[in-house]
Amino acid sequence: MRAFVVNDYAHPSKISVTQNFPEPRAGHGQVLVDVYSAGLNYFDILQSQGKYQVQPPRPFVLGNEFAGKISADSPIPDGCPFRPGDRVFGGGQGAYAEKVAVSWQNLVPLPDNMGYDQGAGLFLTWPTSYEALVGRAQLKAGEWVLVTASAGGVGIAAVQLAKALGAKVIAAAGSQEKIDISIRHGRADHGVNYSTEGWQKEVLKITGGKGVDVIYDPVGLIKDSLKCIAWKGRAIVVGFAAGSIEKLPLNLVLLKNISIVGIHWGAYIKFEPARVPVVWRSLFDLFSSGRAKPIIYPETFPLDRLADGLVAIEKRKTWGKVIVHIREPETSQAKTKL
């Protein structure tokens, strides 16, 4: 099968697609999925270079988010609700290949009104943003939320979700173009450019001097953002896309009576499995009501150009969720429906 295989650690731009990699075999509790679309993530760039906190033994297939259908030759484990041909989305190592072996518990039925491209960017991005805001920050209607990297995959999801939950949202991005995208596609109320010195003063001005109640940060800008956090504010550590792990001035945590919380959605299936279906039900309610929808970057990439997509993410040229096409979908699925 065709797959994006890491034999030796290297930047994705130095890796070519393997044309005849062996198909995976399903292990205990796993099913096989024919992958049609996959979602690109910043951490793929780190993992291919051996710099991510989760490193499978080499050689391994890169990628973690995908959408497709249960393979015709897939085993069906006891208790598994899926059958060959069922459309699903999910997560598991090896998404950038024509077929992936994954625990059936890491799969979710793909709604009929969604195509593979939209489904490919759901599994990590949306529940991460929802649980960060609702479960970890306990966001309340009427509160102020600052979302950094607001035009990115998780960022624009967080902007939409915060608005759907009744919050007032300030989108923070590194260019006016991405601020405009956050307002147009995410419905953010305001925007600030965090590449401008003293941008925190603008946040304080927007909030009438109070500051923001919640900071949602997938970049690594918690330290800078604490200059405009409100009394009893909550700062959510989502990721470190800027490349370095921050060291925080804990005296500010004390003086402003604030909380610093993390979100690791991937660990919920292990530590809090009962929460997972609750989050998905809430998300599907928001999707079906039209209060939130997946935002896909206009340019999709074929598997042979997967590295170009990751480089575009690395250089901050993209917005929304970037998708790679692994297989050509059936005619009925060629266009998304949502």
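Where is the place of Lys232? Lys232 sits in strand β12 (residues 229-237), where helices (H or I, at least four residues) and strands (E, at least two) are DSSP runs numbered from the N terminus. Welcome to a short tour of a predicted model, in which local features need pLDDT of at least 70 and side-chain atom pairs count only at pLDDT 80 or more, while totals for chains, interfaces and linings use all residues. Residues are numbered from 1 along each chain as its sequence is written, and side-chain values use heavy atoms, with hydrogens and water left out.

**Backbone details to look for**

- Lys232 has a positive phi of about 65° although it is not a glycine.
- With 52% relative accessibility, Lys232 counts as exposed; the scale calls a residue buried under 20% relative accessible area, exposed over 50% and partly exposed in between (1.4 Å probe, protein chains only).
- Asn257 is another residue other than glycine with a positive phi, near 60°, and its place is the loop between α8 (250-255) and β13 (259-262).
- Asn257 is partly exposed, with a relative accessible area of 37%.
- The peptide bond from Arg58 to Pro59 is cis, with omega near -5°, and Pro59 lies in the loop between α1 and β3.

**Strand β2 and its partners**

- In strand β2 (residues 30-39), 9 of the 10 residues are buried, so the strand is largely enclosed by the rest of the structure.
- Strand β6 (residues 99-103) runs antiparallel to β2 and is joined to it by 5 bridges; two strands pair if DSSP finds at least two bridges between them.
- Within that pairing, Val33 stands opposite Val100 in β6.
- Strand β4 (residues 65-70) also pairs with β2 in the antiparallel sense, over 6 bridges, and here Ser37 stands opposite Ala67.
- Strand β15 (residues 323-325) pairs antiparallel with β2 over 3 bridges, with His325 as the bridge partner of Ser37.

**Helix α11**

- Helix α11 (residues 306-314) is mostly covered, as 7 of its 9 residues are buried; Leu306, Leu310 and Ile313 are among them.
- The cover over its buried residues includes α1 (42-48), β14 (301-302) and β15.
- After α11 comes Arg316, whose phi is positive, near 60°.

**Nonpolar cores**

- The largest nonpolar core has 46 residues, and Leu133, Ile236 and Trp280 have the most contacts inside it; such a core is a set of buried Ala, Val, Leu, Ile, Met, Phe, Trp, Tyr and Cys residues joined through side-chain atoms within 4.5 Å.
- Several elements each supply at least two residues of this core, including α3 (125-136), β11 (212-217) and α10 (275-289).
- Apart from it lies another core, of 41 residues, among them Phe4, Val6, Ile156 and Leu303.

**The second largest pocket**

- This pocket has a volume of about 250 Å³, where grid points are joined across faces, edges and corners and the volume is the space filled by probe spheres set on the points.
- On a 1 Å grid over the protein atoms alone, where a 1.4 Å probe is used, a pocket is an open set of points with protein on both sides within 12 Å along at least five of seven lines, and lining residues have an atom within 4 Å of a point.
- Of the 15 lining residues, Phe21, Pro24, Val61, Gln93 and Gly94 lie nearest the centre of the second largest pocket.
- β6 gives the most to this lining, with 3 residues.

Definitions and conventions: Contact means heavy atoms within 4.5 Å.
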